[in-house]
Amino acid sequence: MTEKKLKRYSMIIAALVTLSAISNVVYASYQVIPEPLFTEINKEINYNRMLNEKLTVSYITNNSDTRRLKSISFYGLDAKQSIIQNAGFGGFMYTSDTNNNPYNDEIGRYYTLKQGYINLYLTDEDISRMEEKGSLTFGRGTAIFDDGTIMPVSLGRITIRTEDNWEEHRLRKGGGGSNDHFTADFETETPIRITSLDLSSFEPHRDDLDMSLIVDFDRTYSYDALMNLTEPIEVKRGFEMAYTAKDKDASSEWRFNMISLDMVYEKDGQSYDTWIYYPFYGTGMNEAAVESFVALWRTEHE
């Protein structure tokens with residue numbers, strides 16, 4: 001190979017390397033999210049004169065974002081809820097001087113999944129309002145970070161019920177989930193009629209999940225069948241809502257968590273409302289799940 005050809009090949013290789021580096025930078029810059037993204041908390045709590053409830057808060061930031069959540073002020077609650085950081089590792093506690101990842105964050109190519117938890121606290125005024133109405137629901141509020149910045153946040157739906165309200169309104173009796181499957185079980189001692197079921201939150205996940213509603217162990221409704229219902233669903237003993245991932249290898253718990261189905265039903269001539277949800281806090285999301293979460297957020301917000 002002549003010196004002239006060698007020089008030409010070297011220039012071509014250098015140009016390709018430069019173009020590759022530029023494209024990587026452009027692609028990485030596109031991945032940047034404008035603000036932290038929070039996974040939802042969907043939970044019902046039975047208040048029996050005691051409240052010892054821990055709520056895990058998970059949120060996704062850019063890798064370059066070193067802020068940590070300090071507290072949340074929920075609309076509808078008087079007390080500001082402090083965030084306690086998870087900093088344990090292998091039974092020990094580390095600081096940034098002894099560990100490059102002191103909070104055991106899930107750090108991926110572009111994003112970091114961070115967590116903390118709230119020891120839920122209610123003031124006397126909060127408790128009085130709950131006892132008067134029978135329940136207290138919250139989820140939206142203002143997040144405050146350790147650098148003083150604030151942002152509005154929606155963490156799903158948390159409902160605290162008095163014992164009487166719990167017994168009267170709650171149908172849910174159990175359920176369970178895994179990486180690729182989730183069921184929520186409901187039982188009733190009195191026949192009910194499901195008059196409304198809002199499936200809109202399932203729509204963004206139709207290509208990735210299958211849905212089925214099993215009533216009294218002998219009738220199964222698919223998503224399409226539920227969308228085309230023209231009459232109430234009669235339930236004598238109970239029903240089960242199930243989601244199954246089409247890709248068994250994909251982490252799908254975060255998808256289950258984003259599906260919150262508002263339901264209205266009639267019992268003994270009275271109308272009640274409830275919702276079907278998966279109590280997943282974002283723990284255990286791997287890098288692929290975090291990137292899929294962000295990608296879905298982009299399709300809905302950009």
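This passage describes three residues of a predicted model, namely Phe-293, Asp-216 and Asp-268. Residues are numbered from 1 along each chain as its sequence is written, and side-chain values use heavy atoms, with hydrogens and water left out. Because the model is predicted, local features need pLDDT of at least 70 and side-chain atom pairs count only at pLDDT 80 or more, whereas totals for chains, interfaces and linings use all residues.

Phe-293 is part of helix H6, which spans residues 287–301; helices (H or I, at least four residues) and strands (E, at least two) are DSSP runs, numbered from the N terminus. With a relative accessibility of 9%, Phe-293 counts as buried, where buried means under 20% relative accessible area, exposed over 50%, and partly exposed in between (1.4 Å probe, protein chains only). When neighbours within four places in sequence are left aside, Phe-293 is in contact (heavy atoms within 4.5 Å) with Leu-37, Phe-38, Thr-39, Ile-60, Trp-254, Met-258 and Met-285. Trp-254 is 39 residues from Phe-293 in sequence, and the C-alpha atoms of the two lie 7.5 Å apart in space.

Asp-216, in the loop between strand E16 (209–215) and strand E17 (219–222), has a positive phi, near 55°, and Asp-268, in the loop between strand E20 (261–267) and strand E21 (270–276), has a positive phi of about 55°. Most residues other than glycine have a negative phi. As to accessibility, Asp-216 counts as buried because its relative accessibility is 4%, whereas Asp-268, at 62%, counts as exposed.
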